[in-house]
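This report describes a protein chain together with its ligand.

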Amino acid sequence: MKSTWQKFQVRYSSSPSSKRWTARQDRDQFVKKAQSQNYRARSAFKLLELDRKYNFIKPGSVFIDCGAAPGGWSQVISRKVLPEFDITTEGIKDFETKLNGNLIIAVDSLPIEPIPGVNVIQGDFTDISTQQKVKELLKEREVDVILSDMAPNFSGQHFIDHVKSMELCESSLNFAERVLKSGGTFLCKFLMGESDLEFRNNLKTKFDSVRHEKPQAVRKKSSEGYFMCLGYKKK
Ligand SMILES: C[S@@+](CC[C@H](N)C(=O)[O-])C[C@H]1O[C@@H](n2cnc3c(N)ncnc32)[C@H](O)[C@@H]1O
């Protein structure tokens, strides 16, 4: 049976834009690395690079991965904190007692194929009902790390895409303020534009350290950046 991702590829593969996309993917070293290391998305290498630099993916922690499909970032977390889990999906249920205090929650409006040790919630993260499902899984536990790689559906108009991206940032930060533990980590993707400085200044009032990062796997022409925030100052 074909996975959701395979069905998407079959539907998409004959259009002209998909041919350009395929040619670019063929040249891309991160696509090749993702294939050879069994990551579902080249974006996995963005998180790997940031974690090498800041070392915030630590065993025994609670993680929320917002905008997680197809699952590259959740794979990175699962492989690092649950290394004994097999990377295939077989027998995931048997591992439930072996989570060693790790709780990984992946949220996306699109479906995500199972990942060992990862709880998947399908829904719009900006909806209260989706956030409520996340809170139910947390069972009052505070969160160590909140990641948002959420990206809006691109309209092609930079200003509109920037504004939508900042709305997603705001939504994940609002949620973070309710569940993140003191000293916790927040990482969010944004599309550069006129209001990112204001958002960054707001982050600086809430975290000990806020850095603008552009990992190597971000395409050169992309206006995408990440705010890496460490040391949440819980009130
Ligand atoms: C760049 S992809 C994430 C890639 C992912 N980090 C990985 O490594 O596989 C962005 C994702 O954000 C999701 N997204 C955008 N807006 C969202 C929202 N409001 N709620 C949930 N997911 C959202 C999209 O469906 C898309 O799957």
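Is Asp51 buried or exposed? With a relative accessible area of 9%, Asp51 is buried, because the cut-off for that class is under 20%.

## Model and overall architecture

The structure is a predicted model. Its chain holds 8 helices and 7 strands. Of the 235 residues in the chain, 46% are buried.

The accessible surface of the chain amounts to about 12,700 Å², and carbon and sulfur atoms contribute 50% of it. Among the contacts in the chain with a separation of 6 or more, 67% join residues 24 or more positions apart.

## Asp51 in helix α4

Asp51 belongs to helix α4, which spans residues 44-54. When neighbours within four places in sequence are left aside, the contacts of Asp51 are Phe56, Ile57 and Lys80.

A further distance places Asp51 relative to Val76: the two residues are 25 residues apart along the chain, and their C-alpha atoms are separated by 9.7 Å.

## Strand β4: Asp144 and Ser148

Strand β4 covers residues 143-148 and includes Asp144. Asp144 has a relative accessible area of 17% and is therefore buried under the 20% limit. Its side chain reaches the backbone nitrogen of Val62 at 2.8 Å.

The side chain of Ser148 reaches the backbone nitrogen of Met150 at 3.3 Å. Beyond its neighbours within four places in sequence, Ser148 is in contact with Cys66, Trp73, Ser172, Leu187, Cys188 and Lys189.

The UniProt record, an unreviewed entry, places the feature "active site" at Lys189. This residue is part of strand β5, which runs over residues 180-191. Lys189 is buried, since its relative accessible area of 10% falls under 20%.

Which residues does Lys189 contact, leaving aside its neighbours within four places in sequence? They are Ser148, Asp149, Met150, Ala151, Ser165, Cys169, Glu224, Gly225 and Tyr226.

An oxygen atom of the ligand lies 3.0 Å from a polar backbone atom of Gly71. A nitrogen atom of the ligand is 3.4 Å from a polar backbone atom of Ser109. On the side-chain part, an N or O atom of Asp124 is 2.8 Å from a nitrogen atom of the ligand. The ligand taken alone exposes 600 Å², and the protein buries 84% of that area.

Notes. Residues are numbered from 1 along each chain as its sequence is written. This is a predicted model: local features need pLDDT of at least 70, side-chain atom pairs count only at pLDDT 80 or more; totals for chains, interfaces and linings use all residues. Side-chain values use heavy atoms; hydrogens and water are left out. A polar contact is a pair of N or O atoms within 3.5 Å; within protein, one must be able to donate a hydrogen and the other to accept it, and residues adjacent in sequence count only if both atoms are side-chain atoms. Accessible areas come from the Shrake-Rupley method with a 1.4 Å probe; for residues, only the protein chains shown count as cover. UniProt positions are given in the numbering used here, feature names are shortened, and annotations may be inferred rather than shown by experiment. Helices (H or I, at least four residues) and strands (E, at least two) are DSSP runs, numbered from the N terminus. Buried means under 20% relative accessible area, exposed over 50%, partly exposed in between (1.4 Å probe, protein chains only). Contact means heavy atoms within 4.5 Å.
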